[in-house]
Amino acid sequence: MKIAKTNQIVVIGSTWGIRNTFNSLVAILTTLLVITTIYLTQDREGKKSQKINVSIETLSSSKCDLFSGKWIFDNESYPLYKEKQCTFMSDQLACEKFGRKDLSYQNWRWKPHQCDLPRFNATSLLERLRNKRLVFVGDSLNRGQWVSMVCLVDSIIPSSLKSMQSIANGSLNIFKAKEYNATIENYWSPLLVESNSDDPVNHRVPERTVRIKAIEKHARYWINADYIVFNTYLWWRRPLMNVLWGTFGDLDGVYKRVEMLRVYEMALRTWSDWLEVHVNRSKTRLFFVSMSPTHERAEEWGAAKGDNCYKETDMIAKEGYWGKGSDPKMMQVVEKVLDDLKTRGLSVEMLNITQLSEYRKEGHPSIYRKQWEPLTQEQISNPNGYADCIHWCLPGVPDVWNELLYAYIFDQ
């Protein structure tokens, strides 16, 4: 009986057991399939994320100095846009439009020694800027970088979905990508603090004066921006500056002539103090662009004395070349102020474009730009005398500055 019962149980159990085993196998296989699918999906996504993280890690690592590298001729990938196709190109920077024939200045790519710059993607940038403001604050070189950034994104936006607006007496220019509700703006403030050169048109005065403790008039236009790119250098190039404690027109104001480097630091201290108090640290990212080099003395790179960037078509090949137009002491002041800000919990990221731009003596407008006043016969007979060796042709060097900025924006 026990055996029969056992057999019965076995027989009965066999029918149920086979069915149960089959169902279990199906369930297990289904579960395995689901798990495998999830794993593979996560693995693919993980590899994508890993690839992105590796890229970001590479850019952030101490081994990758984005600002140390070399220029590589690349006429397949560059320029990143066409001068004639940029709706908002500036006549001050449109060298091809004003007669420049040698266009090789447009075909150079910056290659850091230990890594690669990410390829600029206008759509990705605009997505990152959706519902945000990117503001360039500073002088005409900063404005050139702004024009470059506008040109970099302009071609992918239909004409009906973009606009340009000028407010604050022309000091603030706002490019808007309507579909993204994103703005790329430029605010004219050549010395960052208030000065008698603040008018965006009539700013050339015989005696430059700064209100060393005043910045609010300017800062209210960029206080709520998401990304702010500052620069100030060109307008400080003189031994002494007039400093005003008080307001313009105030008879009780105190004026004093002060050595430039000291005034420069005082102005940056006013700027940094304002940032510390007013910047929303959970929202706004801050950048400072180092000095843009000039190429006004050809003897510095071995050419004839008295010449400048006029007729130059090749870059400077000597690695580490540094012209006298770039002042290391001023850069040290900037670094000192930014380091001090960091100890107070506020990070301003330096875009050190000086060395890489030093090589590009052929990248300036020279005589190939709009002349705001008719040239005299004397000027025409001596092109060196009116050649612009300060600003940069577009497309050109400032596009690389923006590629560096782009890398930083996505390195979060």
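A search of the whole structure, a predicted model, finds four disulfides. With the bonded cysteines numbered in sequence order, the pairing runs 1-4, 2-5, 3-8, 6-7.

**View A. The disulfide of C64 and C115.** C64 is joined to C115, with an S to S distance of 1.8 Å. C64 sits in the loop between helix 1 (2–60) and strand 1 (69–73), and C115 in the loop between strand 2 (108–112) and helix 2 (122–128), so the bond ties together parts 51 residues apart in sequence. Both C64 and C115 are buried.

**View B. The disulfide of C86 and C151.** Here the S to S distance is 2.0 Å. C86 lies in the loop between strand 1 and strand 2, while C151 belongs to helix 3 (residues 140–154); the two are 65 residues apart. The link is left-handed, with -85° about the S-S bond. Both C86 and C151 are buried.

**View C. The disulfide of C95 and C393.** The sulfur atoms of C95 and C393 are 2.0 Å apart. C95 is in the loop between strand 1 and strand 2, and C393 in the loop between helix 8 (377–381) and helix 9 (397–410), 298 residues away. The S-S torsion is about -95°, so this disulfide is left-handed. C95 is buried, at 0% relative accessible area. C393 also counts as buried, at 0%.

**View D. Helix 5 (residues 260–278).** At the helix start, a side-chain oxygen of E259 comes within 3.1 Å of the backbone nitrogen of L261. Buried residues of helix 5 include M260, Y264, L268, W271 and W274.

Conventions
Residues numbered from 1 in each chain as written. Predicted model: local features only at pLDDT ≥ 70, side-chain atom pairs only at ≥ 80, totals over all residues. Heavy atoms only, no water. Buried < 20%, exposed > 50% of the residue type's maximum accessible area, 1.4 Å probe, protein only. Helix = DSSP H or I, 4+ residues; strand = E, 2+ residues; numbered from the N terminus. Polar contact = N/O pair within 3.5 Å; in protein donor to acceptor, adjacent residues only side chain to side chain. Disulfide = S-S within 2.5 Å.
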